[in-house]
Amino acid sequence: MPRILGVDIPNDKKTHISLRYIYGIGPAMALRLCEQAGVDPLRLAKELNEDDVSRLATILDREYTVEGPLRRQIQQNIARLKDIGSYRGSRHRRNLPCRGQRSKTNARTRKGPRKTVAGKKGVKDK
Amino acid sequence: MGRSLKKGPHVDLRLLEKVEKLKAKGNRDPIKTWARDCTIIPDFVGLTFLVHNGKLFLKVYATEDMVGHNLGEFSPTRTFRGHTAKSKSSSK
């Protein structure tokens, strides 16, 4: 199994699919990367030779932010919002949606599993 | 989010005028404003604004990092004091 940038071990899927196991690479990026490296995106990943892998790795290294650095960048952006005391930052701090969605109901992705409050309207008391 | 680049940032013209006047004079008095939708541009850095939140004017000191955000983003309009801990009247 080929290893690209340390930990990522894409399996025996087509190259453009396996590249998406790298954090920060989606469908579009995977195809672009293949083109840049001159790799056939439809060939299976296990058929890639050393040369192909190293070419992919150098391009990734040079031109894109993926994995750790990307994660760090995202965290830094959020930290900046918190730091300057913006509304979006305060929403991040409270783990609520930041882009104006309603939070009276729904917003479960951000709020996590439902926490039932006793004594609230609709909740049956024993 | 997602304002067309073609238009450029929205800056309240009257506020900009005030900023320029203040800069010419060289003092740093806070500027009272209702223009919450005004983008903070590099010229605003180092100035203090009193941004209306519908009730009060909150002090907003514009820093380098705030460039590109709107004044209103730093003057919250809602107060959330938390939910009631436990209402003894088990009503409904």
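A: Chain B has 1 helix and 3 strands. Both kinds of element are DSSP runs, numbered from the N terminus: helices are H or I with at least four residues, strands are E with at least two. Along the sequence, the pattern of chain B reads α-β-β-β. This is a predicted model, in which local features need pLDDT of at least 70 and side-chain atom pairs count only at pLDDT 80 or more, while totals for chains, interfaces and linings use all residues. Residues are numbered from 1 along each chain as its sequence is written, chains are lettered from A and ligands numbered from 1 in the order in which they are written, and side-chain values use heavy atoms, with hydrogens and water left out.

Stay with chain B for a moment. It holds 92 residues, and buried ones make up 32% of them. Buried means under 20% relative accessible area, exposed over 50%, and partly exposed in between (1.4 Å probe, protein chains only). Take B:His69 as one residue to look at. B:His69 sits in the segment after strand S3 (57-61) of chain B. Its relative accessibility is 8%, so B:His69 counts as buried. B:Pro9 is 60 residues away from B:His69 along the chain.

A:Thr15 belongs to helix H1 (residues 15-18) of chain A. With a relative accessible area of 2%, A:Thr15 is buried. A:Leu96 lies 81 residues from A:Thr15 along the chain. Here the C-alpha atoms of A:Thr15 and A:Leu96 are 37 Å apart.

Next, the charges. Over all chains, the count comes to 6 salt bridges (a side-chain nitrogen of Lys or Arg within 4 Å of a carboxyl oxygen of Asp or Glu). One network of salt bridges links A:Arg43, A:Glu47, A:Asp52 and A:Arg55. Consider A:Arg43 in that network. Its closest N and O atoms with A:Glu47 are 4.0 Å apart. A:Arg43 also meets A:Asp52 in a salt bridge, at 3.1 Å from N to O. A:Arg43 is partly exposed, at 29% relative accessible area. A:Glu47 is partly exposed too, at 42%. A:Asp52 is buried, at 6%.

Another salt bridge joins A:Arg62 and A:Glu63, with 3.3 Å between the closest N and O atoms. A:Arg62 is exposed, with a relative accessible area of 61%. A:Glu63 has 42%, so it counts as partly exposed.

Then there is a surface patch. A:Lys82, A:Arg93, A:Arg94 and A:Arg110 form a positive one. Patch residues have over 30% relative accessible area and no salt bridge; like charges are joined within 9 Å, nonpolar side chains (Val, Leu, Ile, Met, Phe, Trp, Tyr) within 5 Å. One member, A:Arg110, is placed in helix H6 (residues 108-111) of chain A. A:Arg110 is partly exposed, with a relative accessible area of 32%.

Now the backbone between helix H5 (87-93) and H6 of chain A. A:Asn95 is in this loop. A:Ala107 is in the loop between H5 and H6 as well. Most residues other than glycine have a negative phi. A:Asn95 is not a glycine, yet its phi is positive, at about 55°. A:Ala107 has a positive phi near 60° and is likewise a residue other than glycine. A:Asn95 has 43% relative accessibility and counts as partly exposed. A:Ala107 has 16% and counts as buried.

Last, the cysteines. A search of the whole structure finds 0 disulfides over all chains (a disulfide is a pair of cysteine sulfur atoms within 2.5 Å). A:Cys34 is buried, with a relative accessible area of 0%. A:Cys98 has 14% relative accessibility, so A:Cys98 counts as buried as well.

Definitions and conventions:
Areas by Shrake-Rupley, 256 points an atom, 1.4 Å probe, with all protein chains shown as cover. Lys, Arg positive; Asp, Glu negative; His and termini not counted. Charge placed at Lys NZ, Arg CZ, Asp CG, Glu CD.
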